[in-house]
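The questions below go through one protein model, from its overall build to single residues. Please keep the sequence and the structure in view.

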Amino acid sequence: MVEEIPVKKQQNTEIRAEDFRITEEPFYLPAGNEAVLFQAAYDARLPVMLKGPTGCGKTRFVQHMSFRLGRPLITVACHEDLFVSDLVGRYILKNDETVWRDGPLTTAVRMGAICYFDEIVEARKDTTVVIHPLTDDRRTLYIDKKGEVIPAHPDFLLVISYNPGYQSVLKDMKQSTRQRFTALTFDYPAAEHEITIICKEAGVDQETADRLVRLGTRIRNIREHGLTEGASTRLLIYAARLIRQGVAGADACRAAICQPLTDDEGLQETLDDLVKDLF
Ligand SMILES: Nc1ncnc2c1ncn2[C@@H]1O[C@H](COP(=O)(O)OP(=O)(O)OP(=O)(O)O)[C@@H](O)[C@H]1O
């Protein structure tokens, strides 16, 4: 005989807003009026889309704004195997009982967090639509497995990031999704800003940061020759950190910038020439 498992439809109580609160101000150097725009969007409870290449400061910006707004931040890294239940929640077995466990989106909706979907185009389209009722006047989340409609906490905000460089027929956002967001466009920081960021994040001197930024700028300029994406600020910081550890400049650049960027041997040679020019 199959033993019946008692179903206890309870809410998961282990998750606390404090666990998602950012307690120290993350360093963020603004490029323009993005903080003012984000604040205005938040005050109007309009969902925000951050557009820009990988590693240019989108996540850091959301962390910074979450801190400034005093809201917890729940981040979801999107991928093609992300199902609605991964976001909304599912029933799980716990001590011979079936209990409901909220997913990260439901948690954010209930606690009034900022919910950040990183790289939204990676998610399956049928998964993405679950956010639609949260992004318009309804501000609700529908949990079909429970037949429950949850009104979003007044402080809840949805933020997504999107890299237009990865756009393709298969991986593009539906207009019905795009047109539910206000958008802020990000790009690699201006040279003098990027130098400041590298010095601060990696603890290197101005001269080293300056060389790395010049290398980054040159690599970004050869993008048309086959690189799908330029060297991100993140990679320049990685190289700076290796240099800070005592690695020679050229080796650090190869390991942290050139190799991660491409497997193409021809392109590697081109990148290597640029490195030799500067280090
Ligand atoms: N304006 C900035 N102020 C401070 N740090 C920055 C800034 N821009 C970039 N950075 C640095 O670059 C790193 C990479 O940025 P971040 O992780 O925010 O990239 P991203 O745009 O979210 O990338 P992805 O799309 O891959 O998630 C940060 O950890 C931070 O060290």
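Predicted model: local features only at pLDDT ≥ 70, side-chain atom pairs only at ≥ 80, totals over all residues.

Q: How many helices and strands does the protein chain have?
A: Helices (H or I, at least four residues) and strands (E, at least two) are DSSP runs, numbered from the N terminus. Counted in this way, the protein chain has 12 helices and 10 strands.

Q: What share of the protein chain counts as buried?
A: A residue is buried if 20 or more other C-beta atoms lie within 10 Å of its own, exposed if 12 or fewer, and partly exposed in between, with C-beta atoms placed from the backbone. The protein chain has 279 residues, and the buried share is 37%.

Q: How far apart are the C-alpha centres of domain 1 and domain 2?
A: The chain divides into domain 1 (17-185) and domain 2 (191-277), with bounds from an automatic or database domain assignment. Nine residues of domain 1 and 11 residues of domain 2 make the contact, where two residues are in contact if their C-beta atoms, placed from the backbone, lie within 7 Å. The C-alpha centres of the two domains are separated by 31 Å.

Q: Which strands stand at the edges of the five-stranded open sheet?
A: The order in the sheet is E3-E6-E9-E2-E10, with parallel pairing; two strands pair if DSSP finds at least two bridges between them. An edge strand has a single partner, so one side is left without a neighbour in the sheet, and this applies to E3 (73-77) and E10 (182-185).

Q: Which residue in E10 stands opposite Lys51?
A: Strand E2 (residues 48-51) runs parallel to E10 and is joined to it by four bridges. Opposite Lys51, the residue in E10 is Thr185.

Q: At what angle does helix H1 run to E10?
A: Axes are lines fitted to C-alpha atoms, for helices over the stretch in contact, and angles run from 0 to 180 degrees between N-to-C directions. Helix H1 (residues 34-43) lies across E2, E9 (157-162) and E10. Its angle to E10 is about 165°.

Q: Which helices give two or more residues to the shell around the ligand?
A: The ligand is surrounded by 20 residues, the closest being Thr54, Gly57, Lys58, Thr59 and Arg60; a residue counts as near if its C-beta atom, placed from the backbone, lies within 6 Å. Domain 1 and domain 2 each give at least three residues to this shell. The elements that give two or more are H2 (58-69), H8 (191-202) and H10 (233-244).

Q: Is Ile22 buried, partly exposed or exposed?
A: Ile22 is in the loop between strand E1 (7-8) and H1. Beyond its neighbours within four places in sequence, Ile22 contacts Gln63, Ser66, Phe67 and Leu73. Because 19 other C-beta atoms lie within 10 Å, Ile22 is partly exposed.

Q: Is Ala248 buried or exposed?
A: Ala248 sits in the loop between H10 and helix H11 (249-261). Its C-alpha atom is 8.6 Å from that of Phe279, 31 residues apart along the chain. With 11 other C-beta atoms within 10 Å, Ala248 is exposed.

Key: Residues numbered from 1 in each chain as written.
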